Amino acid sequence: MFHVGEFVVYGSQGVCKVTDVGCLNLPGAPDDRLYYTLEPCHILGGKVFTPVDNQKAIIRPVISKDEAIALIDDMTDIETLWVPDERKRESYYKDALRKCDCLELVKIIKTTYLRKQSRVAAGKKVTTGDEKYLHLAESNLYGELAVALDMEQEQVKQFIIDRIKGTQESVAEIN
């Protein structure tokens with residue numbers, strides 16, 4: 001069970017702060033069921049209520065700082081998804097987002113970023129689907145990494161770029 005003040009990842013809402021745990025004083029809400037009151041970090045003034053025993057939606061703790069650093073350090077080795085069929089690719093993106101798994105989010109980001117570069121180089125427009133899923137994956141991943149690394153979400157992308165660049169330069173010096 002999560003406690004007031006903790007940050008959690010809750011389904012498609014992304015990172016949320018637990019602001020209350022208890023029964024709801026709302027019409028139609030059972031008096032004997034505990035609920036989390038969650039505030040999504042990226043929606044000011046937003047609130048989400050979900051039963052503590054909810055089995056349908058994913059709710060998990062935010063990754064630790066060590067896990068976040070390890071994920072960033074492994075990003076260059078994480079494989080992309082190369083699904084030629086547009087419908088299957090979109091279906092995979094949706095499934096990956098539903099899993100709320102950082103590794104899956106990195107795969108979406110890498111894949112859509114490389115597809116974007118490839119299409120632009122070929123003189124083609126970027127697909128709206130790729131733009132949509134890139135934005136969703138970045139928002140969810142960077143939101144979680146921001147909490148884990150205790151920084152603003154807007155700083156996360158540059159932090160990742162700098163860390164990967166630094167790691168690659170260190171490896172080049174060793175060789």
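A salt bridge is a side-chain nitrogen of Lys or Arg within 4 Å of a carboxyl oxygen of Asp or Glu. In the structure examined here, which is a predicted model, a search of the whole structure identified nine salt bridges. Side chains of opposite charge can pair when their charged atoms come close.

Helix α2 contains the pair formed by K94 and E90. The closest N and O atoms of K94 and E90 are 3.9 Å apart, and the pair therefore falls within the 4 Å limit for a salt bridge. Because K94 and E90 are four residues apart in helix α2, about one helical turn separates them. Both residues are partly exposed: the relative accessible area is 37% for K94 and 33% for E90.

A salt bridge also joins the side chains of D95 and R98, with an N to O distance of 2.6 Å. These two residues lie three residues apart in helix α2, so that D95 and R98 are likewise separated by about one helical turn. D95 is partly exposed, at 32% relative accessibility. R98, by contrast, has a relative accessible area of 54% and is classed as exposed, because the exposed class begins over 50%.

The side chains of D130 and R115 meet in a salt bridge, at 2.6 Å from N to O. Since buried means under 20% relative accessible area, D130 is buried at 4%, and R115 is buried at 9%.

Two packed helices are described by the angle between their axes and the distance between the axes. For helix α2 (residues 86-99) and helix α4 (residues 128-149), the angle is about 15° and the axes are 11 Å apart. Helix α2 is therefore roughly parallel to helix α4, as angles under 35 degrees are counted in this way. The crossing of α2 and α4 is left-handed.

On the surface, a nonpolar patch is formed by W82, Y113 and L114. Together, these residues have about 350 Å² of accessible area. L114 is located in helix α3, which spans residues 102-121.

Notes:
Residues numbered from 1 in each chain as written. Predicted model: local features only at pLDDT ≥ 70, side-chain atom pairs only at ≥ 80, totals over all residues. Heavy atoms only, no water. Patch = residues over 30% accessible without salt bridge, like charges linked within 9 Å, V, L, I, M, F, W, Y side chains within 5 Å. Areas by Shrake-Rupley, 256 points an atom, 1.4 Å probe, with all protein chains shown as cover. Axes fitted to C-alpha atoms, helices over the stretch in contact; angles between N-to-C directions. Parallel < 35°, antiparallel > 145°, perpendicular 65-115°, else oblique. Left-handed = near helix turned anticlockwise from the far one by under 90°. Buried < 20%, exposed > 50% of the residue type's maximum accessible area, 1.4 Å probe, protein only.
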